[in-house]
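I opened this entry to record what I looked up, starting with strand pairing and moving on to helices and cores.

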Amino acid sequence: MQKPVLHFYDFGQNVTAFSTTRKGGYSEGNYGQFNINRYCGDSPEHIAQNRQTLCQLLEIDDHHLLMPHQVHLTEVAAIDEDFLRLTADECQQRLEGVDAVMTDMSGVCIGVSTADCIPVLLYDAEKHAVCAVHAGWRGTVARIVEKAVKAMTATYGSNAADIQAQIGPGISLDSFEVGDELYDAFVHAGFDMAAISQKRAKWHINLPACNKLQLISMGVESEKISVSDICTYKQHDTFFSARRLGINSGRIFTGIMMKS
């Protein structure tokens with residue numbers, strides 16, 4: 001049996017948090033080897049095999065491994081006992097058009113799918129709650145991480161100062177060259193462009209820094225925010241990159257699960 005190679009994050013002993021790599025799965029070609037995303041054209045058989053091995057590693061069943069169908073908007077879904085009573089098809093329907101998932105339940109692995117976009121994991125040990133956020137450039141412009149913190153506050157009573165955050169692998173400032181139209185979208189949304197962009201031959205935008213600044217603006221303490229140094233574009237041999245491999249390729253799954 002293949003064993004997925006995971007990149008782990010430290011949220012303490014009661015939390016398992018990770019990003020998948022391309023290694024240790026059943027998928028082939030631009031989906032090789034490890035992909036569990038159902039929406040990018042990979043073989044359903046390979047996806048099922050990869051999900052099974054990940055669930056075995058996490059010691060959960062498939063119904064407790066949850067990933068939304070993301071659409072680059074800002075919908076946040078909460079996973080509770082009622083949700084888990086739904087059928088698999090009903091669960092997927094509830095996660096359609098969702099870009100952030102949160103829960104206060106142990107033994108449920110929630111996560112988001114990326115391949116250059118920025119995954120953000122949030123953990124509130126005080127309120128026993130976690131959230132996984134998909135922040136591509138559109139979601140970043142729409143301030144999805146801010147909305148995720150607000151959702152945790154409204155749903156679980158979280159205090160932003162208690163939240164730990166991990167910004168996972170994504171495209172770096174060096175590799176994220178953009179046109180004037182995309183640059184202007186950040187300008188019009190009120191971002192501090194001096195802090196998140198550089199002008200070279202074209203504009204470059206720092207999506208991880210942009211999301212970190214949003215977290216800080218919500219009250220998450222800077223020292224509680226970790227930022228991955230992995231650039232998916234530069235390290236596409238280990239992590240999926242849509243800019244390098246095309247959209248018909250695999251996706252990284254960045255997940256978080258409370259164990260108790």
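I first noted the term I need: two strands count as paired if DSSP finds at least two bridges between them. The model I am reading is a predicted one.

**Sheet.** I looked up Lys199 and found it opposite Trp203 in S12. S11 and strand S12 (residues 203-205) run antiparallel and are joined by three bridges. I then traced the whole sheet, which is open, has three strands in the order S10-S12-S11, and pairs antiparallel. Which strands stand at the edges? They are S10 (177-178) and S11 (197-199); each has a single partner strand, so one side of each is left without a neighbour in the sheet. I also found helix H6 (residues 180-188) packed on this sheet, where it touches S10, S11 and S12. The direction of H6 makes about 50° with that of S12.

**Core.** I looked for the largest nonpolar core and found 38 residues in it. Leu122, Val133, Phe186, Ile205 and Leu215 have the most contacts inside this core. Helix H5 (residues 144-156) gives the largest share, seven residues. I noted a second, separate core of 24 residues, with Ala77, Leu86, Val112 and Val130 among them. I checked Val133 next: leaving out residues up to four places away in sequence, its contacts include Val112, Leu122, Ile144 and Ala148.

**Helix pair.** I followed H5 to helix H8 (residues 207-217): their axes come within 8 Å and cross at roughly 35°. The crossing of H5 and H8 is right-handed. From H5, Ile144, Val145, Glu146 and Val149 meet Asn211, Gln214, Leu215 and Ser217 of H8. I sorted the residues of this contact into four nonpolar, three polar and one charged.

Key. Residues numbered from 1 in each chain as written. Predicted model: local features only at pLDDT ≥ 70, side-chain atom pairs only at ≥ 80, totals over all residues. Heavy atoms only, no water. Core = buried A, V, L, I, M, F, W, Y, C linked by side-chain atoms within 4.5 Å. Buried < 20%, exposed > 50% of the residue type's maximum accessible area, 1.4 Å probe, protein only. Helix = DSSP H or I, 4+ residues; strand = E, 2+ residues; numbered from the N terminus. Contact = heavy atoms within 4.5 Å. Axes fitted to C-alpha atoms, helices over the stretch in contact; angles between N-to-C directions. Left-handed = near helix turned anticlockwise from the far one by under 90°. Nonpolar A, V, L, I, M, F, W, Y, C, P; charged D, E, K, R; others polar.
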